[in-house]
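Dear colleague,

Please find the structure we spoke about below, followed by some notes on what was found in it.

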Amino acid sequence: MNSYEMALDMLESEGVECIPIDQDKRPALAFKDKPITTDFIQANATIYANSPGLAVLCRGLWCIDIDKGHGDGVNGFQSLQESEYMPELLNNLNTWQQKTPSGGRHLIYKKREGIPYRQKISFMPGVDIKAHHNNYFLLSGSRTARGVYQSNHKRPQYYAGELESHIFEEEDTGAGFVSPVLQSMDFSHLKPYAHHGKGKGKEAYNRIIRGESVNRNNDLFLASSYCKACGIPIDPLITLIGDIKNGDAFTESEFLKTVNSAK
């Protein structure tokens, strides 16, 4: 079964939306806020069929992405073992799981109604949460330079316990708030953007939030300076991660690099 056939099968049998990836694990098609329907897959049949794998969109699903292959020695499994939620997590393993070529793990669960699901990069060291509807994780069978993703072939279940609500609990969005995704970063160097004024920073901030940013790095630079200067939360700007322009996905590393470079 090639990627085209698999995408159709996943959609029709499981209701799971998948997009094709390229050799670098990046989306091969623009997908942000687009429903991945049978018509969409069939219209892009050649791209799907020639893809080395598929990415599952977090639509109806959310994923605990555990990594142990970081070059800095960070091990997500160890972070979870040291967490107060580890005993609870062990009772929630009877769900869809995938093993990554680097030895990591995807724990995949069904979404519930009424929970504000969103992305949380570095929720714990070596542990990312992928839950925004434009987030994705690679599907088993996908082949990368490191190897092939593997599945336990179980269906996703609802998470039973307090970890889910803890991850996605409503956060204080008051002045100066920075979510866990950016807590480890030093924003002390961000000052009012004197040459361009706060007006341009606010305009850039709003373009990103509305999904209208074209010059993404420039807008993120201006918006980051505006946030620090005015005590505005940086968290909403994370929506830029995964955004695709002309086939180019805006990555987490690009996001962090641009925010760090803001002055």
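Which residue in strand 2 does Cys18 stand opposite? Cys18 faces Val56 there, with strands taken as DSSP E runs of at least two residues and helices as H or I runs of at least four, both numbered from the N terminus. Please note that this is a predicted model, in which local features need pLDDT of at least 70 and side-chain atom pairs count only at pLDDT 80 or more, while totals for chains, interfaces and linings use all residues. Residues are numbered from 1 along each chain as its sequence is written, and side-chain values use heavy atoms, with hydrogens and water left out.

Strand 1 and strand 2 (residues 54-57) run antiparallel and are joined by 3 bridges, where pairing requires at least two DSSP bridges. They belong to an open sheet of 3 strands, in the order 1-2-8 with antiparallel pairing, and its edge strands, strand 1 (18-20) and strand 8 (136-138), each pair on one side only.

Elsewhere, helix 8 covers residues 216-230 and has 15 residues, and Gly231, which follows helix 8, has a positive phi near 70 degrees. Among the buried residues of helix 8 are Leu220 and Phe221, buried being under 20% relative accessible area with a 1.4 Å probe and protein chains only.

Thr258, in helix 9 (residues 252-261), counts as buried because its relative accessibility is 9%. Leaving aside residues up to four places away in sequence, Thr258 touches Asn217, Leu220, Phe221 and Phe250, contact meaning heavy atoms within 4.5 Å.

Methods
Expected span 1.5 Å × (residues − 1). Buried < 20%, exposed > 50% of the residue type's maximum accessible area, 1.4 Å probe, protein only.
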